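Trainee: I would like to learn how to read a few features from a model. Could we take them one at a time?

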Amino acid sequence: MTDTGSVPKSNPSVLEIWGRSSLKGHVTISGAKNSALAIMAGALLCPDDCRLRNVPSLVDIGRMGQVLAAVGVKLERQGNILDINARHLNQSKAPYEIVNQLRASFFVIGSLLARLGAAQVPLPGGCAIGARPVDLHVRGLQALGAEVQIEHGMVHAYVRGNGRRLKGAKIYLDYPSVGATETLMMAATLAEGETILENAAQEPEVVDLANFCNAMGAKIRGAGTNTIIISGVPSLHSVDYSIIPDRIETGTFLVAGAITHSELTLSPVVPDHITAAIAKLQDIGMRVIQEAPDCLRIIPTGIIRATDIETLPYPGFPTDMQAPFMALLTLSDGDSVITETVFENRLGHVPELNRMGADIRIKGNNAIVRGVPLLSGAPVVATDLRASAALILAALAADGKTTIQGLHHLDRGYEKLEAKLQKLGARLQRVSDHSPIKAPSVTQSPVNS
Ligand code: EPU
């Protein structure tokens, strides 16, 4: 058994990729990072054993484990099984040194407050992809009866009276924020009375968190729609729960097949979770076939057609797939417009793709991608997690060698990506960085989960 409080080592190495290789075979998709992170925060709600299965081994998961350990939770990990016991939750303050490295760890504020009637969690701050405020989380907690003060970068939340129990309320979210929906759903699970969350996020990870809470005895209805109703219960019980497959990893491998003109199969997947991405791949000219309820096959047709993409909250096209699809469209037969509406600064991969011979111009939150016949390998720097995936995809198709720096982003969110690609026949290796090229300052930005 190993303690999950430890963070897998992320070293300052670079990834060398030799392009124009053809891939072939099957990819096993890991558990969803963003589900696992929210569900780990949700495990604080339960004073009993929680066994989580299909938890990916990632730097972000290790960091979330450190936050839980810091508030008194016991964690044990064996392979992809993570056992969490929050019986002796004894500390309402989450440590700044970790929260500032993992934005998602702010989400513990909801479950800490529900269990202890108090929570002190540092403001996570901005990151490489945007300012990312937490005002919706805070306003929702206030609606549930919490007193909230923000001082010296710390959010102090308390429940006074009523046995320190939050009170159900009707909450309208100005924007269907994934994190705010999750924080408030967790907080409301143990509140007195009914909470109605309107304009809630509908992402599959929200549904996974609701299913996890319900498996512990919570009463949550409507997750996956824009209205979630939570009837508070006094306490929750032990659970054994399996995390859903990662839809963004699924989409990334579908693009790997498309950009290298290779036929691949992927499982386990939930095809319904990536309907928007599959529809775009079909527009672009790919055939995507559902071979079994949990298995997809991508069959390239030799065509990469230009298409326009606008990122939106689920079930719209996911912002986390924007960078990988941009890599694909750099090789299309025409002009595409990609509009990023979810985050204000998520086009950091554009100059790096252009270094590889792409022809992309940015106008506001639009990237105008003019297709080129071939990319050429170059030294590039990953600016965030999904940018790192985009550069790897571009490198797989490019002529010659690409060297990618900034791998700490990649290690946060894709389990064994290199090994999975190698198994498909890609030529890539991680080596120590002897390059004189320095990463631009944006790569120093700590978090983007
Ligand atoms: N927002 C606010 N106020 C808030 C909360 C959000 O203005 O209180 C804004 C954000 O600044 C952003 C927009 O709302 O512009 C959407 O943010 P949201 O809260 O929905 O995102 P999140 O919960 O912070 C999660 C994922 C992200 C993913 C987004 C959108 C986790 C841990 N992270 O972030 O994943 O991009 O939802 O789907 O679930 C990634 O995996 O690479 C990643 C960044």
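Trainee: Is T319 buried or exposed?

Mentor: A residue is called buried when its relative accessible area is under 20%, exposed when over 50%, and partly exposed in between, with a 1.4 Å probe and protein chains only. T319 has a relative accessible area of 10%, so T319 is buried. Please keep in mind that this is a predicted model, in which local features need pLDDT of at least 70 and side-chain atom pairs count only at pLDDT 80 or more, whereas totals for chains, interfaces and linings use all residues. Residues are numbered from 1 along each chain as its sequence is written, and side-chain values use heavy atoms, with hydrogens and water left out.

Trainee: Where does T319 sit, and with which side chains does T319 make polar contacts?

Mentor: Helices (H or I, at least four residues) and strands (E, at least two) are DSSP runs numbered from the N terminus, and T319 lies in the loop between β17 (309–310) and α10 (322–329). A polar contact is a pair of N or O atoms within 3.5 Å; within protein, one must be able to donate a hydrogen and the other to accept it, and residues adjacent in sequence count only if both atoms are side-chain atoms. The side chain of T319 has such a contact with the side chain of E340 at 3.1 Å, and another with the side chain of R346 at 2.8 Å. Taking contact as heavy atoms within 4.5 Å, and setting aside neighbours within four places in sequence, T319 touches T311, E340, V342, F343 and R346.

Trainee: In what order do the strands of the sheet run?

Mentor: Two strands pair if DSSP finds at least two bridges between them. Here four strands make an open sheet of mixed pairing, in the order β17-β18-β20-β19. β17 and β19 (359–363) are at the edges with a single partner strand each, so one side of each has no neighbour in the sheet. β18 (335–339) and β20 (366–370) pair in the antiparallel sense over five bridges, and D335 has R370 in β20 as its bridge partner.

Trainee: Which strands does α10 touch?

Mentor: Axes are lines fitted to C-alpha atoms, for helices over the stretch in contact, and angles run from 0 to 180 degrees between N-to-C directions. α10 packs on the sheet and touches β17, β18, β19 and β20, its direction making about 170° with that of β18. Eight of the eight residues of α10 are buried, among them F325 and M326.
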